[in-house]
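These are my notebook entries on one structure.

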Amino acid sequence: MRVFGVLVVRDEVDVVRLCVLHHLTAGCERILVVDNGSSDGTTTVLRRLAKRTPLSWTFDPGPYLQDELMTGLAGEAVHAGADWVLPLDADEFWTGEADLRTALASRLQSGAVQVRRVDFVQRREQRAPEARAVLAMTMRVAEPTDVTEEAVLRFRAGELSIFEMQPAPKLALRASTELVVPRGAHVAGGLLGPIVVVPELTILHAPLRARTCLDRKAEHGRRLEQAGAGELQGWQVRHWAAQAEHRRLDAEWAASSHSGGVIDIGPRRVPLVHDDRLRRALAGWVRTPAQQFAARALRRTY
């Protein structure tokens, strides 16, 4: 059973190493990456990882056309002999009761498997992203609501946190030469069979790891606008792009981070619940300050 991960990344230096090492350990045989114009050191991490792990990567600083880039990577994976293609994001970590190969081996009659995502909330004081910051993400909303038109309108009006909405599930795809992977991999084309739900797998998601991540998300929203994306594509990041224009990202951060286990949406306070699954999944890959210093001295990435 050969599982390949595919990843399009831009400016995710704090987590891209964790993402690659976690998924190689979790069952991916190889990971194929396109760096879409990073300038924060992500390319250096990828270059060094490629020397020591089964990772292949290319640099494409062109327009953000994630669907085309991901579909191209999926085709490369299929050509290389993959049985399953795992569309990854740098801030998402697939976990399960067993490794990925075992979980997918019994689903060969399906065209894809659907996996639930769980969003984790960062502490308010985390201003800049760093690898160790993910270890502080041990809180989440207890029962997120479904994403409805009303919920999206309330989010845009500043009445609802993004974390109060259940993130869309993602798909792992059985290899096919006809695969088409739209942005987000919530749906796919060219499947060889039906989509089945796999409850024993979960994606742990760390989307906003620091205050400055909101600035990145806003920039991402601007890039989607420039690419002529559809109205519903990337509605969260496009909202943050609009808020950045009006210098309102600090209020967005209060609604997207916690202080003492509570997020603040205007006057409304929402208590969170403790959940340390993300911390436990990544603790083995996060270096101590001494290990980080030694790694930099030796120019090592893991």
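**Entry 1: Asp-14.** I located Asp-14 in the loop between strand S1 (3-9) and helix H1 (16-26). Helices (H or I, at least four residues) and strands (E, at least two) are DSSP runs, numbered from the N terminus. I noted that the model is predicted, that local features need pLDDT of at least 70 and side-chain atom pairs pLDDT 80 or more, and that totals for chains, interfaces and linings use all residues. Residues are numbered from 1 along each chain as its sequence is written, and side-chain values use heavy atoms, with hydrogens and water left out.

Is Asp-14 buried or exposed? I found Asp-14 buried, with a relative accessible area of 6%; buried means under 20% relative accessible area, exposed over 50%, and partly exposed in between (1.4 Å probe, protein chains only). Leaving aside neighbours within four places in sequence, I listed Pro-129, Glu-130, Ala-131, Arg-209 and Arg-216 as being in contact with Asp-14, where contact means heavy atoms within 4.5 Å. With Arg-209, the side chain of Asp-14 makes a polar contact of 2.6 Å. A polar contact is a pair of N or O atoms within 3.5 Å; within protein, one must be able to donate a hydrogen and the other to accept it, and residues adjacent in sequence count only if both atoms are side-chain atoms.

**Entry 2: helix H1.** How many residues of H1 are buried? I counted 10 of its 11 residues as buried, and the helix is mostly covered. Among them are Val-16, Arg-17, Val-20 and Leu-21, and these four meet Thr-42, Val-45, Leu-46 and Leu-49 in H2. Just after H1, Gly-27 takes a positive phi of about 135°.

**Entry 3: H1 with H2.** Two packed helices are described by the angle between their axes and the distance between the axes. For H1 and helix H2 (residues 42-52) I recorded an angle of about 30° and axes 9 Å apart. Axes are lines fitted to C-alpha atoms, for helices over the stretch in contact, and angles run from 0 to 180 degrees between N-to-C directions. H1 and H2 are therefore roughly parallel to each other; angles under 35 degrees count as roughly parallel, over 145 as roughly antiparallel, 65 to 115 as roughly perpendicular and the rest as oblique.

**Entry 4: H6 with H7.** I found that the axes of helix H6 (residues 211-226) and helix H7 come within 7 Å and cross at roughly 105°. That angle makes H6 roughly perpendicular to H7. The contact includes Leu-214, Lys-217 and Gly-221 of H6 and Val-237, Trp-240 and Ala-244 of H7.

I then looked up Lys-217 of helix H6. Lys-217 is buried, with a relative accessible area of 19%. Not counting residues up to four places away in sequence, Lys-217 touches Asp-91, Pro-207, Leu-208, Val-237 and Trp-240.

**Entry 5: H5 with H7.** The axes of helix H5 (residues 149-156) and helix H7 (residues 235-245) come within 11 Å and cross at roughly 20°. H5 and H7 are therefore roughly parallel to each other. I noted Val-152, Phe-155 and Arg-156 of H5 in contact with Trp-235, Gln-236, His-239 and Trp-240 of H7.
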